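Please look at the sequence and the model below, and then read the short report that follows.

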Amino acid sequence: MAQRLCEGQVALVTGASKGGTGTAIALRLAAEGARVAITARSVDGLETTRARIRELGGECLVLPSDLSDPRGARTELVERTEAEFGPVDILVNNAAAGGYGAFESVGPERLERALQVNLWAPWELMAEVVGGMRQRGRGAIVNITTFSAELPPGPPFPTNKPSKAGAMYGASKAALNRLTVSVASECEGQGIAVNALSPQGAIATPALVAAGWVEGVMFEPLETMAEATLALCTADPAALTGRIAFSLQLLVELQRPVLDLRGEELMEGWQPEDLPGIIARQEESLVGRGWPDAYRFGRSHSPRP
């Protein structure tokens with residue numbers, strides 16, 4: 001039997017209660033042998049995730065917390081994980097808050113919640129685990145981010161939500177991206193990989209599927225995000241750190257086979273050879289919304305003199 005990629009490691013994953021990205025990542029890490037601590041507000045949702053992990057033969061610790069509360073249970077997540085499982089080797093900051101809307105409609109309470117969940121909680125959790133990672137000379141941190149953090153090109157500006165209604169969510173995640181690269185720089189040469197990962201478009205979570213929003217080409221399955229996260233958690237930190245990576249492009253770059261969440265079967269239609277065509281169709285869709293060359297990530301700026 002092949003050695004599992006995360007055998008003997010401890011992972012902490014936030015936002016793992018709704019059957020979406022966090023749940024998928026927790027399952028994929030558990031399938032590779034990690035003992036996984038999970039956190040979110042919904043105890044019932046966390047227990048459902050734990051049951052799925054146990055079905056894989058994995059170990060799971062449920063830690064309910066509201067990450068928007070800076071004085072709440074989030075302050076004990078690392079301590080409780082390490083008391084139960086041992087030092088944290090993998091941290092995945094997946095929880096997110098915000099949504100879309102005109103910037104002038106965002107009140108201070110809503111903005112504060114988004115910043116607490118999207119920026120401050122990841123900052124504090126990274127600060128708590130990085131010391132132990134340095135001492136052991138190994139570790140991986142993945143911050144789940146979003147296309148909305150990218151700068152819309154213009155004028156004229158694109159017509160989609162990331163451009164026209166993404167101020168709060170995009171700005172908080174853009175700050176997370178900058179934090180990610182800073183922490184990667186400060187951890188350079190210490191055996192710690194620190195990266196951010198965005199879905200190429202949107203993730204086909206159960207909530208979006210149930211709402212009927214999953215249509216067209218701008219979606220990808222949970223499995224691609226889980227596989228890309230696993231790739232970042234197990235990559236050589238000297239070669240792959242400080243990235244604001246996009247899921248499908250990363251999988252193509254690494255020529256990474258995409259397995260189901262159990263780590264057993266290949267996902268038909270979502271292998272590295274399939275992905276360039278999918279990415280091209282997504283780019284074409286974005287061009288139709290006024291966002292050309294979306295995945296080249298160019299930046300508007302004053303001409304160099």
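## Thr39 and its surroundings

The side chain of Thr39 comes to 2.6 Å from the backbone oxygen of Leu63, a polar contact, meaning a pair of N or O atoms within 3.5 Å in which, within protein, one must be able to donate a hydrogen and the other to accept it, while residues adjacent in sequence count only if both atoms are side-chain atoms. A polar contact of 2.5 Å also links the side chains of Thr39 and Ser65. This is a predicted model, in which local features need pLDDT of at least 70 and side-chain atom pairs count only at pLDDT 80 or more, whereas totals for chains, interfaces and linings use all residues. Residues are numbered from 1 along each chain as its sequence is written, and side-chain values use heavy atoms, with hydrogens and water left out.

Thr39 belongs to strand S2 (residues 35-39); strands are DSSP runs of E with at least two residues, and helices are runs of H or I with at least four, numbered from the N terminus. Leaving aside neighbours within four places in sequence, Thr39 is in contact (heavy atoms within 4.5 Å) with residues including Val13, Gly15, Leu46 and Leu77.

The table compares burial, where buried means under 20% relative accessible area, exposed over 50%, and partly exposed in between (1.4 Å probe, protein chains only).

| Residue | Relative accessible area | Class |
|---|---|---|
| Thr39 | 0% | buried |
| Ser17 | 13% | buried |
| Ala2 | 65% | exposed |

Ser17 lies in the loop between S1 and helix H1 (21-31), and Ala2 in the segment before strand S1 (10-14).
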